[in-house]
There are 2 protein chains.
Amino acid sequence: MAPVYPESASGKAPNRQIQLMQQARDGASFDSYELACFIHGGENVLKERRLAWERVETLIGTRDTSKLPQSYGNQNREEMYEEGLRWGKIIFEDGLKFKHTFFKHITPRYVLLNSSPFAGKIIGAYCSTELGHGTFVRGMETTATFDPETDEFVINSPSVSSAKFWPGAIGFSCTHAIVTARLIIKSVDHGPHFFMMQFRSLEDGTPLPGITLGDVGLKMSYNGTCNGYAYFKNVRVPRVDMLSRHAQVARDGSYTGTQSPQVAYATLLMVRGIIVRSVGFQLAQAATIAARYSVVREQGLGPNGLGTSEAMLISYKSQHFRVLTLIAKAYAILFAAWSFEATYKALREEQENGNHTLLSYAHSAAAGFKAWSTQTAADGAEDARKCCGGQGYLIISGLPEIAAAATATATFEGENYVLWQQVGRFLFKVMDALKQGKDIDGNLAYLQEEYAARHQTSPLAFPGPLRSTSICEAHGQDFLQPDVQLLIYRKRAFWLIESTYLAVRGSKRSPADAWNEHMLSIISAARAHTEYEVLSSFIKVIRTLPPSMSPALKTVLTKLCALFALSNIVNPATTNAITFLECGYLSADQVRTIRSLVNELLEQLLPDVISLTDAWDFTDASLCSALGMRDGNVYENIMRWVEQVPINQRAWKQNKGVYQPGWNQWIDPVLKAKL
Amino acid sequence: MAPVYPESASGKAPNRQIQLMQQARDGASFDSYELACFIHGGENVLKERRLAWERVETLIGTRDTSKLPQSYGNQNREEMYEEGLRWGKIIFEDGLKFKHTFFKHITPRYVLLNSSPFAGKIIGAYCSTELGHGTFVRGMETTATFDPETDEFVINSPSVSSAKFWPGAIGFSCTHAIVTARLIIKSVDHGPHFFMMQFRSLEDGTPLPGITLGDVGLKMSYNGTCNGYAYFKNVRVPRVDMLSRHAQVARDGSYTGTQSPQVAYATLLMVRGIIVRSVGFQLAQAATIAARYSVVREQGLGPNGLGTSEAMLISYKSQHFRVLTLIAKAYAILFAAWSFEATYKALREEQENGNHTLLSYAHSAAAGFKAWSTQTAADGAEDARKCCGGQGYLIISGLPEIAAAATATATFEGENYVLWQQVGRFLFKVMDALKQGKDIDGNLAYLQEEYAARHQTSPLAFPGPLRSTSICEAHGQDFLQPDVQLLIYRKRAFWLIESTYLAVRGSKRSPADAWNEHMLSIISAARAHTEYEVLSSFIKVIRTLPPSMSPALKTVLTKLCALFALSNIVNPATTNAITFLECGYLSADQVRTIRSLVNELLEQLLPDVISLTDAWDFTDASLCSALGMRDGNVYENIMRWVEQVPINQRAWKQNKGVYQPGWNQWIDPVLKAKL
């Protein structure tokens with residue numbers, strides 16, 4: 001039986017949702033195309049990317065958004081993996097043909113980033129993490145024992161927990177991998193080293209003898225990739241296949257280690273920078289869907305007393321606040337990525353001259369930006385999903401997948417709680433240097449100034465001062481000034497760093513115990529410092545907008561920056577917001593003023609809510625969301641996809657609307673039983 | 001090719017993880033069985049439930065936890081639905097046979113709660129929500145037009161957005177439904193009324209003429225149920241099938257409405273109470289898995305400088321804080337559910353005597369407890385998932401499913417943002433009453449006292465006082481006293497209610513606009529009030545522990561209560577924590593003291609972390625988690641399940657470890673291409 005459509009489902013005239021979307025889009029105070037060019041780095045880049053996405057989406061088959069995306073119908077593990085390979089191949093070949101690599105650096109279609117194992121003549125993997133050992137590399141168990149007789153290393157997995165577990169593409173895709181294993185020579189353990197290993201025959205894909213490979217099964221997202229596991233049993237690797245830039249084993253087994261990891265770090269930093277940028281786009285995707293749904297979804301009589309017609313969801317202040325602050329955060333992440341890219345470029349230039357002075361700062365900035373932006377994006381995408389109510393719970397909304405993809409980034413390439421502690425360690429070293437009157441990295445001048453301000457009045461000693469080095473004297477509209485905002489973040493950061501530093505360094509416990517005791521404060525301090533740096537990056541962008549930019553756009557970006565700075569202070573969901581007051585710089589009165597300014601900014605930015613998200617330039621295919629399509633035609637979009645769900649098609653085509661296997665086996669017997 | 005197992009995978013002797021778990025369990029200061037009896041309401045109830053779960057799990061087939069749970073292998077929509085029906089039937093029949101209904105009231109195996117459409121001779125559904133209309137019932141579009149000629153109502157879906165969407169079991173399972181539709185008589189719209197409709201033939205399940213039914217497709221969770229959609233085209237329903245307790249239509253079409261929804265509300269309240277209790281168990285499940293993983297997972301050199309051996313994850317303060325505070329929250333939710341059940345019981349007794357005075361308070365308490373507990377459980381389950389790092393991202397960890405199931409509760413049976421506003425409205429009415437010198441509900445005596453305290457010193461007027469009615473004079477160990485803790489929550493709640501009330505009532509805008517402008521503050525006030533009530537409930541349980549309870553258990557529960565009360569103030573993730581300081585009752589000094597007391601409580605409770613979770617009495621089958629099994633044998637549990645993943649089995653059995661469809665079609669062509 002074909003489904004019975006009500007008359008209006010054919011959608012001949014623009015329906016109410018389409019009209020509401022058009023109205024919301026028309027209200028913008030600026031041209032979203034101008035902002036799109038700015039986000040993507042210029043009109044030429046934007047045009048090139050649009051062409052690339054058009055080619056790729058056409059080949060993939062997602063450009064026709066009237067069709068239910070395959071993965072939303074049935075999430076079968078095998079199908080998802082094959083779909084990932086198919087997409088990966090299309091993207092890889094497009095990059096080869098048109099000589100670009102930007103799919104690796106920007107991910108409007110977030111699912112693409114990790115879906116491709118392809119690299120050319122071999123398919124490589126990086127195989128480090130073990131089932132029992134992640135962050136702590138030195139704890140790894142896999143062994144590479146040198147056999148001087150054959151001039152080979154013998155690779156073994158000595159226990160269940162030593163199984164390599166999680167590496168992307170090792171389940172069924174890769175042919176080769178760089179494997180970390182403990183180097184053992186004549187019973188001496190030299191710790192983890194890198195070995196290039198062939199995992200599979202290039203001819204037919206069969207795993208080589210002694211290597212067991214498999215898939216880790218379904219994950220919350222990234223199911224286009226075969227994250228896998230590997231066991232090794234007496235696998236032999238030629239001596240020359242140990243990576244030997246930093247350590248060498250000679251023919252006679254003698255070992256030479258040259259510890260110079262500085263350059264190797266650079267790759268890690270680059271990857272973290274890419275993650276920051278990517279999660280900015282992920283949060284923007286989620287915010288785009290939530291914004292679009294919020295201007296076409298109507299609910300209740302409305303806060304503005306509009307009589308009997310219902311009110312757009314966005315007009316409810318809680319929704320209005322959440323959607324716009326999420327948008328502001330997406331921009332903040334993007335601009336933090338730009339800032340880090342500049343730091344990274346400077347570092348690479350330095351390093352080419354053999355100079356590594358910037359490395360400590362860059363390493364800390366990468367850790368902080370990565371931890372902050374991934375948590376912000378993951379929490380934000382999840383909140384965007386909740387902003388869409390029940391509809392956001394549907395897989396076809398796209399939001400569960402975006403939120404699940406974003407939340408993975410909080411764990412991979414450095415678990416966030418570990419990264420925060422790395423930032424904390426760096427900040428403590430800076431405080432040590434300040435105490436000893438030494439120079440510190442110029443990027444941290446604010447700590448030097450704050451330290452000097454404190455030092456003039458009182459010496460640093462545990463338990464330390466309980467208050468910020470000064471008291472905020474701003475009032476009213478003053479808080480819209482970037483310098484005033486920056487000071488709020490700066491005073492809070494320094495106070496947290498200082499008081500935690502004094503508590504840890506002044507503790508009578510062992511350094512390790514003192515660190516652990518104050519770990520939560522250390523994390524808070526590291527986060528507050530990073531939030532200061534994120535706001536600095538945003539403000540720097542605002543202050544260096546190109547002269548050619550239209551005044552209307554400049555105004556909107558400036559307001560968005562102020563909204564970001566101020567809303568974080570009063571947002572009930574802000575992590576550790578209590579410290580804005582606890583440090584003593586702000587008063588409760590001033591917080592009340594900030595709340596009211598945030599309300600004003602929200603009102604001023606409301607007409608631009610759609611254009612601020614349009615500017616990220618997602619296509620409907622890339623958002624892959626029945627709720628988030630550009631036309632706003634949300635209800636028809638939902639029904640169009642839902643009707644294509646395989647279980648519905650099967651029931652209608654085969655059985656007049658009855659799902660026979662369920663009915664016959666489980667329901668009918670209960671109905672006909674004598675109870 | 002069979003996988004190559006390393007020698008130790010056979011697990012003959014207890015491995016290190018099993019030893020660590022045993023050690024952690026042995027360290028407890030109390031008997032977890034005693035606590036299990038307390039949680040479940042007595043030893044007899046606990047025994048009865050254990051027997052029931054044993055029967056049901058045996059029939060379902062999950063009792064053998066060496067087998068990969070089917071839904072973790074391949075999440076095919078059809079299979080998940082059929083699995084849900086199978087489980088539902090087993091549970092339904094067990095309840096009939098053994099005469100119990102507790103599966104509906106408590107859900108240690110959370111997946112059961114919503115998996116069953118079974119009710120006996122018919123299969124019923126409640127069909128209200130439409131694609132375009134959820135919370136706002138009056139906006140619904142489905143029509144029921146009275147036809148006086150045939151004495152029937154004619155049911156129609158006039159638009160796409162009028163499709164019934166989301167109701168559980170309507171996709172393919174239900175035979176009958178109670179449908180809400182606008183009653184139209186002689187062109188007069190009488191608004192939404194209820195109609196009993198038959199949807200499917202009891203003989204063969206075919207949808208009746210004019211009714212289109214389908215599934216809404218994959219959701220984040222609850223895929224054992226066919227949440228569905230329905231369109232109606234001229235479906236005829238006899239006049240007598242309109243539910244007529246509160247409104248009647250006579251044969252001639254004359255309409256009589258008797259608005260008396262008080263009793264109908266009671267069902268809604270009961271459902272919300274059940275949700276509170278259920279999400280307490282859900283959070284406990286997630287916390288149990290995280291706690292177990294945290295005592296057997298080792299990582300890094302360890303904060304305590306333990307030399308070369310790695311440290312248990314739980315010994316890192318951030319993990320220690322998160323896991324124990326999540327456990328405390330699960331108990332807080334359970335005790336809030338007990339408190340609400342007592343209120344509900346009192347309400348029903350009143351109502352049987354025709355008295356509804358308690359209804360307003362009970363309605364507000366249900367809304368607040370439901371909103372608070374579902375958000376706490378959803379955020380907490382997600383944080384528990386993150387506590388397990390990468391492993392928590394695996395579907396076989398069980399955590400993605402628990403977190404996804406918990407987060408649904410924030411939306412259904414009253415969306416939380418809507419519920420917070422209902423609490424706010426109730427609190428404002430109480431403030432109105434206080435202002436007018438009227439009596440208020442005795443459950444809110446604290447507001448009366450605070451109001452009186454304020455009134456003695458200054459009259460209430462906008463913008464109102466910026467500070468709490470008094471200043472906290474506690475110091476040091478004082479903060480461990482329940483009365484001191486309660487005052488902190490109480491002063492903050494009153495200050496938020498009072499200042500928001502004054503801002504809204506004193507506004508020059510229309511009441512609706514003023515409400516909207518201050519919506520975030522209203523929500524904060526409603527939440528703070530609820531947090532005061534939740535803490536009151538916990539403290540009440542602690543103060544009325546049975547005399548027969550062992551002193552050891554009493555001590556632990558008392559500390560857990562203090563941890564709950566104090567950690568919420570300093571937890572960086574607490575919603576709106578800034579108001580603890582903003583209200584002016586606490587000082588920054590005192591917050592520092594509280595931080596240090598929380599640290600002490602965490603240390604004291606660490607030995608009990610496993611027993612506090614064991615006491616919820618989940619079986620391994622019910623946790624359904626490779627990470628969370630009681631034995632702690634996490635790595636072998638993971639590998640045992642992963643090896644059974646169908647894509648692995650297929651690759652090994654058919655193709656020597658090659659996943660042929662992927663290799664042949666996508667990988668091999670790239671490897672052999674001339675690049």
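**Close-up 1. One salt bridge turns up across the interface of domain 1 of chain A and domain 2 of chain A.** This is a predicted model, so keep that in mind for every view here. The partners shown are D215(A) and R77(A), whose side chains meet in a salt bridge at 2.8 Å, N to O.

Close-up 2. Five residues from domain 1 of chain A and 10 residues from domain 2 of chain A take part in the contact. How big is an interface like this? The size is often given as the accessible area lost when the parts come together. For domain 1 and domain 2 of chain A, the buried area is about 630 Å², with carbon and sulfur atoms giving 54% of it. Look on the domain 1 side for R77(A), M80(A) and Y81(A): they lose the most area to domain 2 of chain A, together 79% of what that side buries.

**Close-up 3. Now for the aromatic rings, which make 54 aromatic pairs over all chains.** Take F153(A) and F195(A): their ring centres are 5.0 Å apart and their planes sit at 70°, so this pair is edge-to-face. F153(A) belongs to strand β3 (residues 152–156) of chain A and F195(A) to strand β6 (residues 188–198) of chain A, so the pair ties together parts that are 42 residues apart in sequence. Both F153(A) and F195(A) are buried.

**Close-up 4. Y222(A) and F412(A) make another edge-to-face pair, because their planes are at 65°, with ring centres 6.0 Å apart.** Y222(A) is in the loop between β7 (211–215) and β8 (228–232) of chain A, while F412(A) is in the loop between α10 (399–408) and α11 (416–435) of chain A, so this pair ties together parts that are 190 residues apart in sequence.

**Close-up 5. Two arginines sit over ring faces, one in chain A and one in chain B.** R492(A) lies over the face of F580(A), 3.8 Å from the ring centre. In chain B, R55(B) lies over the face of F98(B), at 3.5 Å from the ring centre.

Note on methods
Residues are numbered from 1 along each chain as its sequence is written. Chains are lettered from A and ligands numbered from 1 in the order in which they are written. This is a predicted model: local features need pLDDT of at least 70, side-chain atom pairs count only at pLDDT 80 or more; totals for chains, interfaces and linings use all residues. Side-chain values use heavy atoms; hydrogens and water are left out. Rings of Phe, Tyr and Trp (its six-membered ring) pair if their centres lie within 6.5 Å; planes under 30 degrees apart count as stacked, over 60 as edge-to-face and the rest as tilted. Helices (H or I, at least four residues) and strands (E, at least two) are DSSP runs, numbered from the N terminus. Buried means under 20% relative accessible area, exposed over 50%, partly exposed in between (1.4 Å probe, protein chains only). A charge sits over a ring if NZ of Lys or CZ of Arg is within 6 Å of the ring centre and within 35 degrees of the ring normal. Contact means heavy atoms within 4.5 Å. Buried area is the accessible area (1.4 Å probe) that two parts lose on being put together, summed over both. A salt bridge is a side-chain nitrogen of Lys or Arg within 4 Å of a carboxyl oxygen of Asp or Glu.
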